[in-house]
Amino acid sequence: APLVFAMAHYGFGLEAAQAWYRAMTFLVVASPCAVVIATPAAVLSAMAAGARAGALFKSGAALESLARGSIFVFDKTGTLTQGRMQLVSLEVLQGSQAEASALAAGIERYSEHPIAQAITRAWTGPVPEVREIQAIRGHGVVGVLADGSQVWVGNRRLLGELGIELSPTLEQRLHALESLGQTTAVLGANRHPIALLGVADTPRPEAARAIASLKQQGARVVMLTGDRKVVADHIADQIGISEVYAELLPEQKLQRVQQLGQTGAVVMVGDGINDAPALNAAEVGVSLATGSDVSLESADLVLMKNDLTRLVGAQKLARSTARTVYFNLSFALGVIVVVGAFALAGMVPLPLGVLAHEGSTVFVILVGLRLMTHRVRG
């Protein structure tokens, strides 16, 4: 404004009063109130609309990042599936079925993993006391009985860690269970397998619809899981995912998300403790409300109603918000440039300048508030 006054008065020879009036008009017109309010009005309205529908954004940055999301990565267990696994197979190799069930429940009873909970729920009787329980991420659980015997429940990776080899017969029996879509585990004591366990889960009812909607929006959909490839493929076929990476440890999930991030903006959806590193590494981390405390803390977006179609709706909301912000900024800057130029030329009286300034501010606020009516659905 002082520069406009100096140019008008000393450069173009206007009287001081006229030069001052023109400078004040320009100051009013060029004040960036509309520019400043253009983004917050839209983002806060969108966050409110999302929260009402059960899509809780933790920040405006998460909303902005979700609009750019092009690669959607899903964990399998508890995210794409019900997460309510059931123990459907128990093949006893040594002892009785009751003894095997009790021992498995005793080892797994402190674990939050869906497979462990399925094994624990399957046995309602007393369980042996298992001490020094140690969960090995992506492998299984190891403990010690009162007599000093080491007991364990886990997958093939755990057996490899313990230096235990399964006979060809047992390998065939495990493959037979896995061909039925079951996730398998081996129960053992010391170095001897006691039983083969198979748990099964089913896809969420809305999973296939959500995946189809994301693909229609041009998204690349990927499944990451620590489960066996045959089990992962069984679930992926039911819900329409063709790109599957199975038998991954938590650190391998993290590496895969980082690799995918080099080709586009990654949105990672998970609900378990093992998913937390990948959620943090993704452009946007998404957790279900029933997820572990760690995943909820790591996520940028929480789906409070555990409905994957809300993720589709949340991205539509995010993209609508981005378009609204771009429109608001373009309009606000356009008013400043156009009316500002006329003000410099002395063609805009001060009352009209005030009207243009306040009017553009109110207009971008109203445009942003329109997002409050947005319905978040798939």
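A residue is called buried here when its relative accessible area is under 20%, exposed when that area is over 50%, and partly exposed in between, using a 1.4 Å probe and protein chains only. The model is a predicted one, so local features need pLDDT of at least 70 and side-chain atom pairs count only at pLDDT 80 or more, while totals for chains, interfaces and linings use all residues. Residues are numbered from 1 along each chain as its sequence is written, and side-chain values use heavy atoms, with hydrogens and water left out.

Helices (H or I, at least four residues) and strands (E, at least two) are DSSP runs, numbered from the N terminus. In H7, the residues Pro 114, Ile 115, Ala 116, Ala 118 and Ile 119 are buried. Their cover includes helix H5 (76–80), helix H6 (97–108) and strands E3 (86–92), E6 (150–154), E7 (183–189) and E8 (192–200). An α-helix has 3.6 residues a turn, so residues three or four places apart point the same way.

On a 1 Å grid over the protein atoms alone, a pocket is an open set of points with protein on both sides within 12 Å along at least five of seven lines, whereas a cavity is a set of points where a 1.4 Å probe fits but cannot get out; lining residues have an atom within 4 Å of a point. Grid points are joined across faces, edges and corners, and a volume is the space filled by probe spheres set on the points. The largest pocket holds about 1200 Å³ of space. It is lined by 50 residues, and those closest to its centre are Ser 111, His 113, Pro 114, Ile 115 and Asn 274. H7, residues 114–121, gives the most to this lining, with 4 residues. For the classes, Ala, Val, Leu, Ile, Met, Phe, Trp, Tyr, Cys and Pro count as nonpolar, Asp, Glu, Lys and Arg as charged, and the others, Gly among them, as polar. By that scheme the lining of the largest pocket has 15 nonpolar, 21 polar and 14 charged residues.

The second largest pocket has a volume of about 190 Å³. Helices H3 (33–52), H4 (60–68) and H15 each supply at least two residues of its lining. Among the lining residues are Thr 39 and Val 43, Glu 64 and Arg 68, and Thr 321 and Tyr 326. The lining divides into 7 nonpolar, 3 polar and 2 charged residues.

Next comes the nonpolar interior. A nonpolar core is a set of buried Ala, Val, Leu, Ile, Met, Phe, Trp, Tyr and Cys residues joined through side-chain atoms within 4.5 Å. In the largest such core there are 45 residues, and those with the most contacts inside it are Phe 57, Leu 66, Phe 74, Met 223, Ile 241 and Leu 301. H15 gives the most to this core, with 7 residues. A second, separate core of 21 residues includes Ala 118, Val 130, Val 141 and Ala 195. Contact means heavy atoms within 4.5 Å. Not counting residues up to four places away in sequence, Leu 301 touches residues including Phe 57, Leu 66, Val 286, Leu 311 and Ala 314.

Some single residues remain. Ser 149 sits in the loop between strand E5 (140–145) and E6, and it counts as buried because its relative accessibility is 17%. The side chains of Ser 149 and Asp 147 are joined by a polar contact of 3.0 Å; such a contact is a pair of N or O atoms within 3.5 Å, where within protein one must be able to donate a hydrogen and the other to accept it, and residues adjacent in sequence count only if both atoms are side-chain atoms.

Most residues other than glycine have a negative phi, and most peptide bonds are trans. Glu 132, in strand E4 (residues 130–136), has a positive phi near 50°. Glu 132 is exposed because its relative accessible area is 62%. Phi of Glu 247 is also positive, near 55°.
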